Amino acid sequence: MSFLPKPKLHHPKLPVNALGFTRRDYEGAISTLCAGCGHDSISAAIIQACFELDIEPHRVAKMSGIGCSSKTPDYFLGASHGFNSVHGRMPSVLTGANLANRDLTYLGVSGDGDSASIGFGQFAHSIRRAVNMTYIVENNGVYGLTKGQFSATSDKGSKAKKGAINNDEPIDLVGIALQLGATFVARSFSGDKTQLVPLIKAALRHPGPAFIDCISPCVAFNNHEGSTKSYDFVREHNEAMNQLDVILGRDPISAEYAPGEVREVTQHDGSVLRLRKLHEDYDPTDRVAAMHHLHERKAAGEIVTGLLYIDPEPEDLHHHLDTVAMPLNRLDDAALVPGSAALDKVNAALR
Amino acid sequence: MKPTDIRNPDYFHKVVDCQWACPAHTPVPEYIRMIAAGRYSDAYMVNWHSNVFPGILGRTCDRPCEPACRRGRVEDEPVAICRLKRVAADNKSDIRARLTPIPAVGNGRRIACIGAGPSSLTVARDLAPLGYEVHVYDGEKQGGGFIRSQIPRFRLPAEVIDEEVGYITDRGGVVTHYGQRIESLKALLAEGYDAVFVGSGAPRGRELDVPGRAEAAANIHIGIDWLSSVSFGHIKEVGKRVIVLGGGNTAMDCCRSARRLGGEQVSVVVRSGFEEMKASPWEKEDALREGIPIRNFLVPKQVLHADGRLTGMVFEKVRAEYDAKGRRQLVPSGEPDEVIEADDVLVAIGQENSFPWIERDIGLEFDKWGLPQLDAETHQSTIPNVFFGGDAAFGPKNIIWAVAHGHAAAISIDLFCRGEDVRNRPPPDTALVSQKMGIHEWSYDNDVSLDLRFKVPHAEDERALRDITLEVELGYDREMAFKEAERCLNCDVQTVFSASLCIECDACVDICPVDCITFTPDGEESDLRTRLKAPALNLTQDLYIQDGLKTGRVMVKDEDVCLHCGMCAERCPTGAWDMQKFLLEAAKAVKGVHACAAE
């Protein structure tokens, strides 16, 4: 960590976005995580994505639980709404906030302990309820704050810094998210921002439950020989399915690709996800095939990354509950308290 | 692209923009840190070793360091390097005991310096401690040369000149021959000096050649001669209406002096536009502040006179036109001529070299511009034991260049007298030392100040314009000096990268406040410059490139706007980045063995 705040002076040619903000305007306080933590790179990727999407910081709610990962919302989007919940309870707080005000962009940041152990149930239910959110797990496979015990996502057979071997099966959060109906599922690596930034951008624009499992090496406790979440191991075993470009309406389309090389998915808001195929025959809109492929490549020892699944026509919790378009927190008393006549009507319908 | 070789002393030296730009290569950030720490005497000594005249230069330097200052590229204005130097001089204690000692017994060699200006005095300062007996000749009664005669006392008090000249001439080893103008180089050479250094300046002011010049001669004065007459008290007043011709620093000194000697309507008239004027921006600013208008694009056409007295001047109006190659030409604008009424005209349109005292048959060759033929590095003339420096060498420049020439000539003279090859120059002294004190503690203050440049307080105009000896600038007080010193970015504390330690975690890339650092596939420099985190468009600034990373990429750091804040090193988990102070002392004449002494 550093004692000093990051100097305010910036590059004289730093670009501004449509709102007149520079990337630096999307930063938060300086990180207090260990130097070299992958989580800081993810924070930088979130900053870059929000800058590029011209997001108004005050229209974002960033939520987290407990852990190294859950400290990070302090280090980006300093002008956004934030909530640090009890350990593992970010998904329910986020669900409640989303129900009350559907107009904000919800960004949940969690870790492997927060989502795969203490908050596993919360994680699962927020996904299956299809809350419109971007849920990022900063996955380092280790309990960093308590000095390096295996977490629930540590691979079987991987070695702890002090030499112990993990005998437990890992929880694959990507597999769970796919199974429980997330409509946007991706995996990435904190050390590869060219892949990660477009994924975060696409997730933020996705109008349904978007889940990103981001492998994020713990430099202090899980970056050694024998770890499967170290910088070196992930770089060696990374199998990217595709390279994503998020194309907003105003961007000119310049690059040309051979037929079959590119697949485009148009989202509800008109933005286009352009996927340059890096792997033959991988179809990210086929959920069953995606699950199959993940299992197959995992058995082969590969870490599959990229946009793994997308449903171009997602539905979310508000759709399922048939709530009004107006955020609930802006409804006035007349709408919220319809009176005894309306209550009688409801009761009568149930008799 | 080839990885950067940081063992080449030029690489990190160039990163210290101010020091690189300083002709004498003064270690600027080093002394600025000392000022911030209240170590004024130490700061003075760092300066004294490099530039010999800290108190004088702290008031008068042309400050090539400031336009080069990195701070000017990340915010509006550079650090006030020059005026901080003055703070060291103003606040130091008695430093006489710290000056390089002069040996009691000399080495038997005698050197003559012609002129007692900054270049000659630098030669004397460098050679006397080595045991040389240096004889300094000057036509004036006191030392200092143009420092004393040209620079008005309201910019540079006489005590400061006396003090700093005294540190050279009053400590033994140097024999002054003031009031003794050298009229013949041939005769001087016959006196058997081992070497002669010519530091006689560029003493002739360029003439004005327009109709009426001769008739109105009584009221037309050559700027540098007039300034020197003012300096020595021979001239005490000037007409109420004064025209100063010329756009250089001499013109600025002339107009401001005229304001103090009774000139009520003083104007500066310049052929070129305001921006192209040779005067330093701050000197123009000072003149404007004292109510002196600067009139541009006016070319002198005629001097008006009546009954043998000057009454004014006629100017032709011009405008600038640029040809395809960007060369400027002044063409008549077609507007009617302008008449400016005046009682006196000061001509400050340039200076020339003049060597009437050098015989043309003694083997000393001159070029077609009337300048001596010299080796640019050694300053040696076509007579092997005659060396030149200052304005006498390559035409008019300024004090700090004269000092740099003095150092170079002193090295040559010493090598020559030792019977060694004068081209065999000693290298600079360099040191590169880690500043790490703890995980996030450094032995320099890496907190980047956001203060804007502090203005130096001035005496109020009312008093300043009444007294030509009253120093206008009051200098920074200690508190202001501290705050201004804190604006320095410590560019000498270098970011040193070890690829073998790097795990490519991107922590440095993410934290860098000015987007200096990129990890990317290798390429040619022109290509690399376009695909960095922030494009490297300033081609005068180098890229620091290191290969040997596990992914096969290269680390590219654009030195251009690095704040030297050390954040990259603080956030680096493996110590691949370190902040190391690069201290370079330019080569000086050092104690060596004389051929004769060894015999």
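Two strands pair if DSSP finds at least two bridges between them, and strands here are DSSP runs (E, at least two residues), as helices are (H or I, at least four), all numbered from the N terminus. Hi everyone, with that in hand, let's look at this one together.

First, the ground rules. This is a predicted model, where local features need pLDDT of at least 70, side-chain atom pairs count only at pLDDT 80 or more, and totals for chains, interfaces and linings use all residues. Residues are numbered from 1 along each chain as its sequence is written, with chains lettered from A and ligands numbered from 1 in the order in which they are written.

Let's start in chain A. There is an open sheet of three strands, ordered β10-β12-β11, and its pairing is antiparallel. At the edges sit β10 (242–247) and β11 (262–266), each pairing on one side only. From one strand to the next, the twist averages 20 degrees; axes are lines fitted to C-alpha atoms, for helices over the stretch in contact, and angles run from 0 to 180 degrees between N-to-C directions. Between β11(A) and β12 (residues 272–277) of chain A there are five bridges. One to click on: Thr266(A) has Val272(A) as its bridge partner in β12(A). Lying across β10 and β12 of chain A is helix α7 (residues 193–205), at about 50 degrees to β10(A).

Now, how many residues does each chain bring to the contact? Chain A gives 25 and chain B gives 29, where contact means C-beta atoms, placed from the backbone, within 7 Å. On the chain A side, α1 (38–52) and α8 (231–237) each supply at least two residues, and α1(A) has the largest share, with four. By class, that side has twelve nonpolar, seven polar and six charged residues. For the classes, Ala, Val, Leu, Ile, Met, Phe, Trp, Tyr, Cys and Pro are nonpolar, Asp, Glu, Lys and Arg are charged, and the others, Gly among them, are polar.

Over to chain B. Its domain assignment gives domain 1 (1–22 + 428–599), domain 2 (99–203 + 353–417) and domain 3 (205–351), with bounds from an automatic or database assignment. The centres of domains 2 and 3 of chain B are 32 Å apart, taken over C-alpha atoms, and each of these two domains puts nine residues into their contact.

Last stop: a five-stranded open sheet in chain B, ordered β6-β14-β7-β8-β9, with parallel pairing. Three bridges join β6(B) to β14 (residues 344–347) of chain B, and Ile222(B) stands opposite Val347(B) in β14(B). Thanks, all!
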